[in-house]
Amino acid sequence: MATYTITELAREFDITPRAIRFYEDQGLLSPTREGPGGRNRVYTTRERTHLKLTLRGKRLGLSLSDIKSLVDMYRSPKDTEVQLQSFLVVLARHRAALEQQREDIEIMLAEISAHEEKSRSLLGRLDHAEK
């Protein structure tokens, strides 16, 4: 079975070893330890996949707890249907949050446009009054 060092994974996924250690601290990765005092982390192909899932979840904007749930589902492939249903629930919840954020942003942009228009109008009046 292929194994990887923290440096190899960091290089492959263009992240820092510190980020990988953080994901380990969060329970998303569980490398074995080798060498004097268990100093060297050894990642299996499975751990590499967990890291890949973690980074994919991060790109999707999922919370660490949602990512952990997904990684945990991958760890125990008992019932694929249940896992996929759970994944769909996570995605639906995240979609709803993003759509709410989009709506909030649209409202804020409309308010900014209104303030810009009013400010330009006031500037135009001031410029006209000075002449």
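User: What makes two strands a pair?

Analyst: Two strands pair if DSSP finds at least two bridges between them. This model is predicted. In it, two bridges join β1 to strand β3 (residues 40–44). The count meets the cut-off, so β1 and β3 pair. They run antiparallel. T3 has T44 in β3 as its bridge partner.

User: What makes β1 and β2 edge strands?

Analyst: The sheet is open, with three strands in the order β1-β3-β2 and antiparallel pairing. β1 (3–4) and β2 (32–34) each pair on one side only. Helix α3 (residues 45–60) packs on this sheet and touches β1 and β3. The direction of α3 makes about 85° with that of β3.

User: Why are α1 and α2 called roughly perpendicular?

Analyst: Look at the crossing angle. The axes of α1 (residues 6–13) and α2 (residues 17–25) cross at roughly 110°. Roughly perpendicular covers 65 to 115 degrees. Therefore α1 and α2 count as roughly perpendicular to each other. Their axes come within 9 Å.

User: How do you know that the protein chain is more spread out than a compact globule?

Analyst: The chain has five helices and three strands. Its radius of gyration is 24 Å. For 131 residues the globule rule gives 14 Å. The value is well over that, so the chain is more spread out than a compact globule. The C-alpha trace spans about 80 × 40 × 20 Å along its principal axes.

Methods. Residues are numbered from 1 along each chain as its sequence is written. This is a predicted model: local features need pLDDT of at least 70, side-chain atom pairs count only at pLDDT 80 or more; totals for chains, interfaces and linings use all residues. Side-chain values use heavy atoms; hydrogens and water are left out. Axes are lines fitted to C-alpha atoms, for helices over the stretch in contact, and angles run from 0 to 180 degrees between N-to-C directions. Helices (H or I, at least four residues) and strands (E, at least two) are DSSP runs, numbered from the N terminus. Angles under 35 degrees count as roughly parallel, over 145 as roughly antiparallel, 65 to 115 as roughly perpendicular and the rest as oblique. Contact means heavy atoms within 4.5 Å. The radius of gyration is taken over C-alpha atoms; the globule rule is 2.2 Å times the number of residues to the power 0.38.
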